[in-house]
Structure formats: structure tokens, C-alpha cells
Amino acid sequence: MATDLATRTSTDDDAPALMREASRRRSFDEATGWRRVGRYTLLAVVSFIVLFPIYTTIVAAFKPSDQFFERPLVPGPYTFEVIKEAWTTGNLDRYLLNSLVVATIVTVCQVVSAVLAAYAFAFLKFPGRNVFFVLFLATLLVPLEATLVVNFDTVDGLGWANSYVGLAVPFLATAFGVFLMRQVFMSFPRDLRDAARIDGVGHLGFLWYIAVPLVRPTLGALALFGFLGSWNQYLWPNLIVNQADMNTVQSGLRVLSRSNLDAPNLVMAGTVIAAVPVAIALLLFQRQLVRGLTAGAVKG
Amino acid sequence: MAMLAPSAIILGVFVLYPLGRAVWLGQQRCDNFGNNCQSQGFGQYLDIFRSTEFQNALLVTFKFALISVPLGLLLGVGLAMLADKYLRGVGVFRAVFSSTVATSVAVASLMWLYLLQPSIGALANVSWFNSLFPSVKDPGWLQDPGTALTAVALSSVWAGLGFTFILVTAGLQSVPRDLYEAAAVDGAGNVRRFWSITVPMLGPTLLFVLIVLTTRAFQTYGEVDLLTGGGPQPQDSTTTITYFVYGQNSPISNDAGLQAGAAVLLFLVLLVLSALQLRGIGRRVHYGN
């Protein structure tokens with residue numbers, strides 16, 4: 001289970017049915033003898049191809065600079081020096097911190113703003129609700145790339161270039177999050193809100209004590225996506241940061257790559273440092289990842 | 001209403017306002033801060049669209065999408081089918097196939113840059129690979145105008161593989177097993193089962209993946225920035241629309257008006273494409289219960 005990134009999420013708690021299904025699949029799908037050997041071989045070959053770029057990167061990152069160009073596919077001799085060099089001269093410690101701060105701001109704000117707006121759309125009646133809803137819907141159609149020319153102008157004009165606020169502010173709310181949460185709220189039985197109201201619970205109380213605990217799985221998916229989206233953002237930090245110490249990991253990697261054209265092993269070491277935190281996070285939160293990815297696909 | 005305010009303000013100020021302002025800016029010529037603008041009339045959009053630079057970028061982007069979208073979809077479905085069979089330890093392979101979802105654009109592109117660079121790259125220094133494909137060293141796949149775009153597309157396909165794999169796998173697992181068994185009993189072979197059960201049942205997933213991959217292809221920036229810088233010159237073989245708008249070497253990088261105009265055109269192209277895909281294919285997609 002731990003390594004299975006793509007297990008179904010909906011029937012996790014239905015263990016007997018899952019086992020019945022599994023044994024049925026086994027009898028129908030299970031290959032025997034040579035077919036089975038063939039399948040494993042095919043899977044292994046394809047895995048090798050998929051992992052190849054990662055493999056060469058790791059091999060390069062741990063090789064000493066003077067032996068770097070010989071036999072790039074054979075690992076060793078090993079050294080940790082290049083990683084250390086990338087960490088210090090490449091400023092990756094600072095960039096990781098910057099990315100962490102910005103992604104945390106973005107995640108918290110996206111989750112809070114999405115829950116609040118989704119609640120309003122799902123439970124409240126107010127004038128112009130449909131107009132707002134359509135406007136929210138419309139923002140999903142606008143690609144980021146069409147807005148950044150002007151956003152650069154806006155953020156720079158506010159004096160937020162080269163700052164955490166400037167890096168985070170265009171991404172503090174997403175329509176995707178609002179729709180995702182609204183969808184979940186709409187599935188609540190009407191009685192739930194009514195019962196709470198009779199007991200004298202206000203909107204914020206209902207939200208905090210009843211609604212949020214019920215939708216925690218979806219919130220987890222939304223948070224993971226907010227974090228990843230912000231962490232992986234490439235174009236925006238390149239535009240809004242021109243002060244070296246305010247780079248995020250992504251724009252920092254660009255700087256590292258541009259200033260070390262003759263030392264790919266140093267660049268690969270930086271790449272490894274940048275990739276490891278995300279890889280660990282995804283291993284820990286694979287369930288949220290699958291839930292978030294599939295949430296977009298349901299019903300087109 | 002107060003609950004709506006945070007989202008409404010952010011989306012208004014950073015999505016809707018900039019789009020509106022970009023549409024307005026697009027008919028002006030400005031300096032690179034969007035100042036000293038002079039109105040040229042909305043005919044400027046036509047001028048931008050017709051310019052050789054934009055036409056080239058549009059063509060490059062279409063080519064890029066035509067390579068990367070079908071290949072990404074095909075490989076994603078292939079991997080998912082491969083790992084959907086019951087086998088001991090298949091979870092390990094699923095983790096492997098999902099792994100590229102953990103790479104950002106910068107990470108994936110730099111990995112491929114190292115792989116493909118002509119003299120100091122990994123493949124160029126593997127002697128048997130080199131004698132098999134001499135062009136990897138001279139001039140280098142990223143430096144040859146004939147192969148640069150394909151090489152960039154390959155790196156992009158690789159980076160997107162994990163995403164497609166996870167989605168298609170989830171889709172495959174929601175197909176009831178009984179359907180396959182019933183079809184097998186009725187004498188349907190593997191091929192028939194694939195086209196008559198798997199594809200229709202995966203319809204909504206495949207349509208979603210298709211639209212996301214196409215949109216991403218048209219927004220490609222990081223790969224181009226890190227792998228080729230829009231080159232090789234002078235053909236600008238890998239200058240996508242997004243790179244044309246935001247790239248360092250772009251001829252319009254000093255004019256916010258032209259940048260905004262080209263960005264709005266990108267938005268329109270994407271809008272038309274998504275609508276076409278939804279209408280053309282979406283109509284034939286069956287959404288169960």
C-alpha cells in the first residue's frame with residue numbers, strides 16, 4: 001500500500017469487498033509461467049527507461065568534478081562534496097527557505113479563501129450570487145500567462161517586487177479550490193445546517209466545528225495542490241525577482257544552471273537538492289495527490 | 001458576502017483585471033513598464049497575429065503540441081495498462097511510473113539538459129550511444145534546428161508522464177471487472193475488450209487529460225527557457241508563444257503593449273482549442289450514472 005501511488009480512494013474502508021474484488025481480479029488477470037516472466041521483464045525495461053534521467057542525475061551529483069566526464073552511466077567514485085558545494089555556493093539553503101515560506105503562505109490563504117467562498121456559494125443566498133459564480137467560473141479559463149504582464153506591473157507598482165508578498169500574492173486564491181469545496185459542501189444534507197441553526201450555531205461556528213472537520217480529506221488534497229503549485233511556479237519568480245537572495249528554488253536552479261555551464265555535476269547536485277523535498281512530501285501525501293488529481297477529472 | 005471577499009478580491013485583481021487591462025494594452029505601444037503608451041487601435045491585434053514572429057511562435061507551439069500531446073497520452077495509457085494487471089509487487093512499478101510527478105519544470109528540464117548537452121552531457125560521453133547517434137555530440141539534439149523541438153517535447157512528455165499515469169490508473173480501476181469477464185465469456189479478445197470497454201469507460205478521464213495536456217503544451221515556457229533559450233537561432237525553432245511573450249531574447253520584451261497583445265492572443269487560441277476539443281470529442285464521451 002505504501003508504494004502504491006494510484007490505489008482507489010473511495011472504497012478504502014470497505015475491506016471485505018476490496019479483498020473479494022482482489023481475489024477475483026487475481027483469478028481473471030493473473031498470468032502464469034512465461035507470460036508472467038514476460039510481463040515482469042517488460043515492466044522492468046519500461047521502469048528503467050522512465051527512471052533513466054533520474055539515474056544519470058544522481059550518478060552525476062555524487063561524482064567528483066575531475067572524474068565527471070568519464071563513463072557518465074557508471075556510478076562512483078562517490079563524493080558528497082559537490083552536494084555541499086551546491087548547497088553553499090548555489091545558495092540553495094536560502095532558496096529552499098524562500099520557497100517554503102512562499103508556498104506556506106499560498107497554501108494557507110488558498111485553503112482559507114476557498115472554504116469561505118465555497119461556503120457562501122453553497123449555503124448563503126445573497127444578491128448577485130449567480131453573477132459572482134459565473135465570474136469565478138470565468139477565471140478558470142484565463143491562463144496564467146495571459147495575466148502576468150499586467151500582474152508584474154501591479155505588484156511592482158505596489159513595491160512588492162523581490163518580496164515574499166510579491167511572490168505569493170497572485171496565487172492566494174483559486175477558483176479551482178472554491179469549486180472543489182463547493183462541490184463537497186453541496187453534498188451535505190440540508191438538515192445538517194438546519195439542525196445547527198436551531199441549536200444557535202452561526203455560520204462561522206458551523207463552518208469551523210462541523211463543516212471543516214467533515215471535509216478534511218478534500219482540504220488535504222487542496223492544500224497539497226496549493227503547495228505544489230506554488231513550489232513549482234517557474235515563470236512568476238523569474239519575472240518578479242531580480243535580487244539574488246529572493247529567488248525561489250525554481251528560479252534559483254535557473255541561476256545555478258546559467259552560472260555553471262561548465263559544471264553540470266554541480267547543477268545536477270542542485271537539482272537533486274531541489275527535488276528531494278517534493279519527492280518526500282509526495283510519498284507522505286500520495287493519497288491526497290491522487291484525490292486532488294482525480295477531483296478535476298470527475299464529470300469533466 | 002464578507003466570506004466571498006478574499007477570493008473575489010484576489011481573483012479580481014490578479015486574474016480578471018489583468019486580462020481586461022491586457023486586452024486594452026494590446027492595442028498600444030508602450031515601454032517595458034507599460035508606461036508612455038500610445039494607442040494604435042485594435043487593428044494592432046491583427047498586426048501582431050500576422051507578424052512573422054508570432055506566426056513562427058504559433059507554428060512552433062502547434063508542432064510542439066502535436067508531438068507532446070499524443071505521445072504523452074499514448075505513453076500514459078500504455079504505462080497504466082501495463083501496471084493494471086495483477087502481479088506481485090506491481091505497486092513498486094506504479095510508484096516508478098508515477099515518479100515524474102515529483103519533478104518541477106526546472107528539475108525535469110535540467111535533468112534533460114544534462115542528458116542531451118553536446119560535449120559535457122551524459123549521452124554524448126557514452127561511446128556506444130555516440131557511435132549509434134553521432135548527432136548527439138555534433139551538433140547536439142538541442143542545437144540542431146531539425147531535432148531541437150522534438151527533444152524539448154520529449155523532456156516535457158517525460159515530466160508529464162506521472163500525471164497522466166496516475167489519472168488513467170485511477171480511471172482504469174473504476175472500470176468494473178465484470179465487464180471484462182462478461183466480454184471474455186462472449187469471446188471478445190484483448191483488442192476488442194480494449195476498444196469496446198476500456199476506451200469508452202475511460203472517456204471522461206481521457207478527455208480531461210487531453211485538454212490539460214494541450215493547455216500545458218501551449219503554456220510551455222520553462223523547458224524552452226532552460227533547454228534552448230528559444231533557439232537554435234536564427235530560425236527560433238523552439239520559441240513557443242509563451243516564450244515569445246516572456247523570453248529574455250524575445251524581440252518584444254521591451255514593449256508591454258505588444259507583450260500584452262500576444263498574451264491575449266494566446267488566451268484566445270487556447271479558448272478556441274478547448275472549445276473545439278469539448279465539442280468535438282466531449283459529445284461522444286459517455287459520462288456514466
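**Two chains in a predicted model**

Chain B contains twelve helices and two strands. Read from the N terminus, its elements follow the order α-β-β-α-α-α-α-α-α-α-α-α-α-α. Good morning, colleagues.

The chain has 289 residues, and 47% of them are buried. As for its contacts, among those with a separation of 6 or more, 66% are between residues 24 or more positions apart.

One helix pair in chain B deserves attention. Helix H4 of chain B, residues 90-98, packs with helix H7 of chain B, residues 148-173, at an angle of about 135°. The axes of H4(B) and H7(B) are 7 Å apart. How are these two helices oriented to each other? Angles over 145 degrees would count as roughly antiparallel, and at about 135° H4(B) and H7(B) are therefore oblique to each other. On the H4(B) side the contact is made by B:Arg94, B:Phe97 and B:Ser98. H7(B) contributes B:Gly162, B:Phe165, B:Ile166 and B:Thr169. By class, the residues of this contact are three nonpolar, three polar and one charged.

I now turn to chain A. Its secondary structure comes to 15 helices and zero strands. Of its 300 residues, 40% count as buried. Of the contacts in chain A between residues at least 6 apart in sequence, 73% join residues at least 24 apart.

A word on confidence is in order. The average pLDDT of chain A is 83, and 88% of its residues score at least 70. Over residues 1-12 of chain A, however, the pLDDT is below 50.

Chain A is divided into two parts: domain 1 covers 15-78, and domain 2 covers 92-297. Taken over C-alpha atoms, the centres of domain 1 and domain 2 of chain A are separated by 33 Å. How many residues does each domain of chain A give to the contact? Domain 1 of chain A gives seven residues, and domain 2 of chain A gives seven residues. On the domain 1 side, the classes are four nonpolar, two polar and one charged.

Helix H13 of chain A, residues 249-259, and helix H14 of chain A, residues 264-284, pack at an angle of about 170° with axes 10 Å apart. Angles over 145 degrees count as roughly antiparallel, and H13(A) and H14(A) are therefore roughly antiparallel to each other. From H13(A), the contact involves A:Val249, A:Leu253, A:Leu256 and A:Ser257. From H14(A), it involves A:Val267, A:Gly270, A:Thr271 and A:Ala274. This contact has five nonpolar residues, three polar residues and no charged residues.

Finally, I come to the contact between the chains. Chain A supplies 78 residues to it, and chain B supplies 80 residues. Which helix of chain A gives the most to the side that touches chain B? It is helix H2 of chain A, residues 33-61, with twelve residues. Sorted by class, the side of chain A that touches chain B has 49 nonpolar, 15 polar and 14 charged residues.

Thank you for your attention.

Notes
Residues numbered from 1 in each chain as written. Chains lettered and ligands numbered in written order. Predicted model: local features only at pLDDT ≥ 70, side-chain atom pairs only at ≥ 80, totals over all residues. pLDDT = per-residue confidence, 0-100. Contact = placed C-beta atoms within 7 Å. Helix = DSSP H or I, 4+ residues; strand = E, 2+ residues; numbered from the N terminus. Nonpolar A, V, L, I, M, F, W, Y, C, P; charged D, E, K, R; others polar. Axes fitted to C-alpha atoms, helices over the stretch in contact; angles between N-to-C directions. Parallel < 35°, antiparallel > 145°, perpendicular 65-115°, else oblique. Domains from an automatic or database assignment. Buried ≥ 20, exposed ≤ 12 C-beta atoms within 10 Å, placed from the backbone.
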